[in-house]
Amino acid sequence: MDALARALLLLPLLAQWLLRAAPALVPAPFTLPLRVAAASPRAPPPAASPAVPAELSAAPGADGLALALETAVGAANFLAMVDNLQGDSGRGYYLEMLLGTPPQKLQILIDTGSSNFAVAGAPHAYVDTYFDAERSSTYRTKGLGVTVKYTQGSWTGLVGEDLVAMPKAFNGTFLVNVATILESENFFLPGIRWNGILGLAYAALAKPSSSLETFFDSLVTQAKIPNVFSMQMCGAGLPVAGPGTNGGSLVLGGIEPSLYTGDIWYTPVKEEWYYQIEILKLEIGGQSLNLDCREYNMDKAIVDSGTTLLRLPQKVFDAVVEAVARTSLIPEFSDGFWTGSQLACLTNSETLWSYFPKISIYLRDENASQSFRITILPQLYIQPMMGAGLNYECYRFGISPSTNALLIGATVMEGFYVIFDRARKRVGFAASSCAGALKAVLLSFASVCAWYSGYLLTELIPDTSLSQAVYSIRSLGAKPVLRAPVPKRPKCDHWAPCPPDTYAYRLLSRGGRDKSAKICFEDELLIGGKTGNVARGINIAIVNYKTGKVTETRYFDRNKGDNSGPVINFIQSAPEKSLLFMVIHDGSRLNDDAKNAIEALGSKEIRNINFGSSWVFLAAKGIELPSGIQREKINHSDNRKTPYDGWPAEVQIEGCLPREPS
């Protein structure tokens with residue numbers, strides 16, 4: 001059937017679209033086939049909470065993982081954890097807890113994008129109950145004030161400890177750290193059904209310090225359970241902000257086989273603060289966005305149950321919107337639909353899902369020669385809304401832009417059973433049993449990212465009639481015997497290999513207290529902790545540009561006093577046609593003469609370095625470097641948005657320099 005014939009068949013349906021501007025009840029005149037309604041002012045904001053927020057699955061009992069159908073471990077009652085969550089993607093999924101003595105019942109939001117356990121400790125207009133610490137005989141204050149800021153909202157309170165019980169998870173009580181929220185801003189929202197938050201990310205994110213033991217770390221120690229939890233949220237295809245009883249399961253300490261079908265596919269955790277993973281590629285309707293891999297991982301890519309939507313860095317979001325709009329069968333959308341300020345509505349029993357493409361997210365597998373993709377059908381990202389208007393079926397766009405991360409939130413997680421295997425530093429995805437009937441699919445080969453050629457792929461694909469409200473999902477099926485070529489690792493751990501006749505380099509500053517500065521050139525570690533030639537101060541390597549051989553490396557320990565004179569002499573000793581690589585490991589002590597010498601090499605930030613700063617710089621002597629390369633980067637210890645308790649996160653630059661013609 002050609003395009004014109006398909007368009008003619010769609011005209012009767014498209015003619016039924018209406019424009020409904022809330023709160024008006026009479027549709028406004030509108031001539032386009034598509035009609036868009038303004039979102040109801042009572043609709044919840046996009047975020048479910050203020051949080052930013054392939055090796056196959058292990059055999060039963062293997063690798064330190066507990067399966068929920070095994071004999072209970074310690075005080076755990078795994079089967080009691082099935083269906084222990086309530087909620088929806090619009091307002092989050094929450095677990096019943098009993099806090100204090102006598103116990104006070106609370107509903108606690110589950111958030112994998114933060115690390116504090118906190119409860120309302122004072123009355124609030126949007127909270128139906130709160131924890132009264134004075135009524136608990138077992139509550140003990142720690143005398144610590146704490147403030148936690150999220151992408152949306154913040155709160156301030158006091159840190160204490162008390163006994164907590166989870167009737168739908170464990171037998172017994174556990175002593176845990178808990179913050180009582182005394183003041184908040186845009187944290188408790190209209191329509192929420194929870195009055196506290198349980199952060200299940202790593203201790204690096206805990207406030208006021210990573211030394212404060214997190215809830216889950218306490219639970220692992222006291223309940224003697226494996227360091228793993230898993231989560232299923234059963235709201236796929238159901239109205240956002242509905243009755244709030246969609247349900248789900250939080251399995252603390254194991255994996256429940258009845259919650260998934262098929263195999264579990266794991267992707268490594270890149271850094272233990274958020275559950276940071278690596279995105280390799282995005283496809284819309286089977287077509288790659290053709291963006292550089294780094295665009296998807298700009299700043300970080302994380303799995304965050306406390307965020308409602310799939311949130312994408314702005315450049316990726318713009319590309320996704322353009323591709324979805326181009327691929328969909330709808331002639332025209334209002335900009336308000338893509339930005340979340342308007343709803344798309346229609347008057348008959350059809351759904352919008354049949355008009356939109358699927359979106360595939362490619363994830364790096366545990367095995368460097370493999371990857372897998374999770375596929376999001378429109379049932380996940382085109383979300384029905386409850387109570388938008390009389391006689392209308394209205395939908396919102398479940399994807400939004402982000403300024404600092406790619407966040408895999410409930411929009412995606414509702415399609416899968418997600419395993420947070422902290423013991424083996426990985427996150428797993430499997431076909432969720434609450435997603436419906438399951439069928440097997442074949443494995444296929446595909447090219448992933450710039451240099452990942454011939455990766456072994458598998459796909460998690462929802463498969464159902466598009467007229468149904470709840471979508472189903474296909475399993476991965478049996479693991480076939482297929483082999484893919486292992487790509488060669490790029491030099492200096494680049495994202496992509498440098499072209500022939502170029503040098504590969506990578507400079508990293510110190511990160512936090514423990515990550516030492518590094519200089520890598522042509523896959524050789526010139527300076528770093530493993531080579532034992534790095535110090536707290538400025539570290540410099542000189543490389544012969546013609547031969548590519550290292551001339552000399554030197555570190556200047558700031559703890560041993562002012563090294564300005566030796567730094568100047570070392571720089572001046574570099575022969576003509578030399579590359580100079582400089583990295584800071586925890587600030588430096590340089591006088592104006594030394595700064596002048598580095599400034600003469602092209603540095604624009606040397607005078608901004610202070611105690612605790614992170615800094616990297618690429619310079620050259622007697623060589624004109626290409627104009628398009630990044631030569632310098634800096635960060636300061638006053639940047640508290642890092643996993644290092646106020647210490648600056650590492651900064652890095654990498655690139656490819658053309659070799660000198662022979």
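Me: Before anything else, what counts as a disulfide here?
Reply: A disulfide is a pair of cysteine sulfur atoms within 2.5 Å. The model is a predicted one.

Me: How many disulfides does a search of the whole structure find?
Reply: The search finds 3 disulfides.

Me: Take Cys492 and Cys520. Which hand does that disulfide have, and why?
Reply: It is left-handed, because the torsion about the S-S bond of Cys492 and Cys520 is about -85°. The S to S distance for Cys492 and Cys520 is 2.1 Å.

Me: Where do the two sit in the chain?
Reply: Cys492 lies in the loop between β30 (459-460) and β31 (502-508), and Cys520 is in strand β32 (residues 518-521). They are 28 residues apart, and the pair links distant parts of the chain.

Me: Are Cys492 and Cys520 buried or exposed?
Reply: Both Cys492 and Cys520 are buried.

Me: Switching over, what does Cys234 pair with?
Reply: Cys234 is joined to Cys434, with an S to S distance of 2.2 Å. The link of Cys234 and Cys434 is left-handed, with -105° about the S-S bond. Cys234 and Cys434 are 200 residues apart.

Me: And why does Cys234 count as buried?
Reply: Because its relative accessible area is 15%, and buried means under 20%. Cys434 is partly exposed, at 27% relative accessibility.

Me: Last pair: which cysteine forms a disulfide with Cys498?
Reply: Cys656 does, and the sulfur atoms are 2.0 Å apart. Cys498 is in the loop between β30 and β31, while Cys656 is in strand β39 (residues 652-658).

Me: How accessible is Cys498?
Reply: Cys498 is partly exposed, with a relative accessible area of 21%. Cys656 also counts as partly exposed, at 28%.

Technical notes. Residues are numbered from 1 along each chain as its sequence is written. This is a predicted model: local features need pLDDT of at least 70, side-chain atom pairs count only at pLDDT 80 or more; totals for chains, interfaces and linings use all residues. Side-chain values use heavy atoms; hydrogens and water are left out. Helices (H or I, at least four residues) and strands (E, at least two) are DSSP runs, numbered from the N terminus. Buried means under 20% relative accessible area, exposed over 50%, partly exposed in between (1.4 Å probe, protein chains only).
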